[in-house]
Amino acid sequence: AMITLRQLLDHAAEHGYGMPAFNANNMEQVHAIMEAAREVDSPVIMQASAGARKYAGVPFYRHLVEAALETYPDIPLCVHLDHGANPAACLRALQSGFSSVMMDGSLREDGKTPAEYEYNVGVTGKVAEMAHAGGVSVEGEIGVLGSLETGEAGKEDGVGAEGKMDKDKLLTDPEEAARFVRDTHVDALAIACGTSHGAYKFTRPPTGDILAISRIKEIHQRLPDTHLVMHGSSQVPQEWLEIINEHGGQIPETYGVPVEEVQEGIRNGVRKVNIDTDLRLASTGAVRKHLAENPSNFDPRKFLKASTEAMKEICKARYEAFGSAGMA
Ligand code: G3H
Ligand code: 13P
Ligand code: NA
Ligand code: ZN
């Protein structure tokens, strides 16, 4: 059954677990996310970016959600808009039945230019008022996601701020976070702590100087009752990079967010952990491997099944590692 982000994260806070929030674009991802949840008895956050809604088409996306609810009636499911660019995008998600929306006012509508505090409060507060009137939850973001190594956002896949950033913007300020929550009434707050979107987060396994979980602790101490959200939290599994590169892929050396760091975040108020890249890597690796090992196959169901299975294993591992397994 459908559940709001607020209901789900309140439960997560009460029981001290974190929720992976998986980006879904197609039927195989929906299958993987839901089937993994069924196997480990976890609630689900499934999120759609603007790109996902464009890729599937809004009616198809809505019906994928309907199909998930019909097939898994006992799994609490929150359907969330990821990185809404403006209030209109959030309104459209609300109209298509989403139970939660993110208004990302940390960037201007172009999704590239860091925004002023007043702009962020204006658009996010407006969305919160509208969404709450309809019983829908809201995630806001304060601070700009980007690499503390290079000062650049993860722009490999076009997601995030463009160009070099002031490093002080790349770590959320606890006082500003507190002011923002008070000014907007968001249900969950995305913060910046050195992670970035996509596969190219860190050039080496991250240490405290480039992945600042300590900053999450400071924000949590200042805002103990606010549900925190980590974006850009894929682990970028080395084993999937190897499988991809052993089967014709070319992905340079790169590192993601270690599970222990996410767990430390969860001990300090993180309740929603966004994951997209890991599903992309597992899917690509599984398809490359299947086609390499079965050169005569031309039935797409076979390689898409391999993709689904690989993504399902990632989902199960995240539900278990973040503690949401057994909580449905
Ligand atoms: O926030 C970024 C997510 O990874 C979504 O990416 O816009 O390519 O669907 P996308
Ligand atoms: P990754 O690119 O690390 O999977 O992050 C996804 C994300 O934050 C979506 O909002
Ligand atoms: Na989001
Ligand atoms: Zn994100």
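Predicted model: local features only at pLDDT ≥ 70, side-chain atom pairs only at ≥ 80, totals over all residues.
**Entry: helix α4**

I then looked up the other side of α4. Y61, L64, V65 and A68 are buried in this helix.

I checked the length next. Helix α4 covers residues 58-71, which is 14 residues. From its first C-alpha to its last it reaches 20 Å, close to the 20 Å expected at 1.5 Å a residue.

What covers the buried residues of α4? I found α2 (27-40), β2 (44-48), α3 (50-56) and β3 (77-84) included in the cover.

Y61 counts as buried because it has 24 C-beta neighbours inside 10 Å, and the cut-off for buried is 20 or more. I set aside its neighbours within four places in sequence and listed the contacts of Y61: A48, A52, R53 and A56. I also took a distance to N26, which is 35 residues from Y61 along the chain. The C-alpha atoms of Y61 and N26 are separated by 8.0 Å.

I moved on to G57, in the loop between α3 and α4. Is G57 buried or exposed? G57 has 10 C-beta neighbours inside 10 Å, so it counts as exposed; the cut-off there is 12 or fewer. G57 and N25 are 32 residues apart along the chain, and their C-alpha atoms are separated by 9.7 Å.

**Entry: α6 against α7**

I turned to a helix pair. Helix α6 (residues 117-133) and helix α7 (residues 174-184) pack at an angle of about 35°. Their axes are 9 Å apart. I looked up the hand of the crossing of α6 and α7, and it is right-handed.

Which residues make the contact? From α6 I list Y117, V121, T124, G125 and A128. From α7 I list E176, F180, D183 and T184. I sorted the residues of this contact by type and got 4 nonpolar, 3 polar and 2 charged.

**Entry: the faces of α7**

I stayed with α7. A177, F180 and T184 are buried in this helix. Seen down the axis of α7, these buried residues fall within an arc of 65°, so they line one face of the helix. On the other side of α7 I found E175 and R182 exposed. F180 and T184 are also among the residues of α7 that make the contact with α6. The cover over the buried residues of α7 includes α6, β5 (137-142), β6 (188-191) and α8 (213-222).

I read on past the helix end. Just after α7, H185 takes a positive phi of about 65°.

**Entry: helix α9**

I repeated the face check on helix α9 (residues 238-246). W240, L241, I243 and I244 are its buried residues. Seen down the axis of α9, they fall within an arc of 160°, so they line one face of the helix. The face turned away from the buried side of α9 carries the exposed residues E239 and E246. I asked what the buried residues of α9 pack against, and found α11 (277-293).

I read past the end of this helix as well. Just after α9, G248 takes a positive phi of about 95°.

**Entry: positive phi in loops**

I place D41 in the loop between α2 and β2. How many other C-beta atoms lie within 10 Å of D41? I get 14, so D41 is partly exposed.

I place V236 in the loop between β7 (227-230) and α9. V236 counts as buried because it has 20 C-beta neighbours inside 10 Å, and 20 or more is what buried requires.

Definitions and conventions
Residues numbered from 1 in each chain as written. Chains lettered and ligands numbered in written order. Helix = DSSP H or I, 4+ residues; strand = E, 2+ residues; numbered from the N terminus. Expected span 1.5 Å × (residues − 1). Contact = placed C-beta atoms within 7 Å. Axes fitted to C-alpha atoms, helices over the stretch in contact; angles between N-to-C directions. Left-handed = near helix turned anticlockwise from the far one by under 90°. Nonpolar A, V, L, I, M, F, W, Y, C, P; charged D, E, K, R; others polar. Arc of directions from axis to C-beta.
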